[in-house]
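Have a look at the structure first, then we'll go through a few spots.

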Amino acid sequence: MTTLIKGGTVVSATGADAAEVLVDGETIVALLAPGSDLAVSAESGANTVIDATGRYVIPGGVDVHTHMELPFGGTSASDTFETGTRAAAWGGTTTIVDFAVQTYGRQVRECLDEWMAKAEGNCAIDYGFHMIVGDVNDASMKEMDILVDEGITSFKLFMAYPGVFYSDDGQILRAMQTAAGNGGLIMMHAENGIAIDLLAEQAVARGETDPIYHGIVRREELESEATHRAIKLAKVGAAPLYIVHLSASEALEEVVRARDNGANVFAETCPQYLYLSLEDHLGKPGFEGAGYVCSTPLRSKHQHHHADLWKGLRTDDLSVVSTDHCPFCMKDQKELGKDDFRAIPNGIGGVEHRMDLIYQGVVTGEISLPRWVELCATTPARMFGLYPKKGVIQPGADADIVLYDPKATWSISVDNHHMNMDYSAYEGFEVNGKVDLVMSRGQVVIQNNQYLGKAGDGKYVRRGLSQYLM
Ligand code: DUC
Ligand code: ZN
Ligand code: ZN
């Protein structure tokens, strides 16, 4: 069964050209000059033609930072693998890499098996896993070596959340040494959690319990200090490093300095750090700000964080945009922290809107059209060993393809999103451009504003090593 996508502009990380895309089964088999469709459709009556006139034809988005069903803060992230991956598909993302979690005192293997079981048979789109190593010890270091061979080639460590996910500097260095030996990539949540917990305790003792204090105590210096320390530890451990959810100018400066010195240091940011702020969102009146409690936190609009992060995306000091999708409902979940911001589960849902939100950067001239594709699909695929199956439209790649309508306009709302959240962090946000059709491994899953797929369409993807380390 072949499908020809014709009439559109195919956008890659290197340019945009009128071209036709021929799909056979689950795979892209050819990129053709415009007008070749007659020859193709004469071959067989089974061919389908999709008219992409006026649309961008882009590789399906690759979101390398999601937390479906994550148990956290006394509750669990409200999107299951089923609801979260379906929402991702609606937004033009066709692959996620989620975080399996080894909790303290447990074996990596049994934790990973649990995550595999949660996802298996439930996903709408393809998925892979990173492993959060929450207990660095002899056994977990051996397990890291085995996981790399099994397609889990990246490992997240936390400098934040003492007593939960936290690793001390010795544990971090040890995991980095292990990754240096097995080709894995260490992903770092870089915030000084020990200092943050002290400031948080002092704030609450002063009666400062509102959501905004979550952002005030998680000071920018405590992100940049941890980023700096992680970079130095990675140098000592001779390991590559990927900083997750970078939110602040000072932390970016640390990454820029390391990269200018030739270090294998990479970083991602997320849409919330490009659009939302401490004052306007985390500081909303009453308890509304709880919907914006995430870590790293939203930063002050009175500094230059947004502009600096956009600049980092242009200069490639920030290589990837992911979401850190970790949704919690206001009711019964965020509400856990009504009297104490420390008890608000950390996270914002956004897996559905990353492609649209970053496309706004094309509209406003912050980034180019090819850079949009590079940041949201091609580089994440290459960074995490999914390329060239994912992140690119070329013969041999999986037919994960999005038709994007640059002329459509709409606004984001809890009333039109598909994530399992009772609010939207981007309520009322006006969007230029819209996902029109989504194909996942050759199957059309979104068309005419309808979801046509089913749970279990998405398959587990074994990943290779990062292509940025070779
Ligand atoms: N940050 C969040 O906001 N949620 C989950 C974990 C994290 O590091
Ligand atoms: Zn994190
Ligand atoms: Zn995260």
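Some ground rules. This is a predicted model, where local features need pLDDT of at least 70, side-chain atom pairs count only at pLDDT 80 or more, and totals for chains, interfaces and linings use all residues. Residues are numbered from 1 along each chain as its sequence is written, chains are lettered from A and ligands numbered from 1 in the order in which they are written, and side-chain values use heavy atoms, with hydrogens and water left out.

Eight of the ten residues in H2 are buried (under 20% relative accessible area, 1.4 Å probe, protein chains only). Among them are Phe81, Thr85 and Trp90. The buried residues of H2 pack against several elements, including strand E11 (93–102), helix H3 (108–119) and strand E20 (443–447); contact here means heavy atoms within 4.5 Å.

E20 also belongs to an open sheet of seven strands, ordered E3-E2-E7-E18-E19-E20-E21 with mixed pairing. Strand E3 (15–18) and strand E21 (450–451) sit at the edges with a single partner strand each, so one side of each has no neighbour in the sheet. Two strands pair if DSSP finds at least two bridges between them. E7 (residues 56–59) and E18 (residues 401–411) pair in the antiparallel sense over four bridges, and Pro59 has Ile401 as its bridge partner in E18.

Now for ligand 1. The residues around ligand 1 include Lys156, Phe158, Tyr161, Asp324 and Cys326, each with a heavy atom within 4 Å.

| Residue and its atom | Ligand 1 atom | Distance |
|---|---|---|
| His189, polar side-chain atom | oxygen | 3.0 Å |
| Ser295, backbone N or O atom | nitrogen | 2.6 Å |
| Asn346, polar backbone atom | nitrogen | 2.9 Å |

Taken alone, ligand 1 exposes 240 Å², and the protein buries 100% of that (Shrake-Rupley areas, 1.4 Å probe).

Last stop: Ser319, in the loop between helix H12 (305–315) and strand E17 (320–321). Is Ser319 buried or exposed? Ser319 counts as buried because its relative accessibility is 1%. Leaving out residues up to four places away in sequence, Ser319 touches Arg259, Phe266, Ala267, Arg371, Leu375, Thr379 and Met383.

Definitions and conventions. Helices (H or I, at least four residues) and strands (E, at least two) are DSSP runs, numbered from the N terminus. Buried means under 20% relative accessible area, exposed over 50%, partly exposed in between (1.4 Å probe, protein chains only). A polar contact is a pair of N or O atoms within 3.5 Å; within protein, one must be able to donate a hydrogen and the other to accept it, and residues adjacent in sequence count only if both atoms are side-chain atoms.
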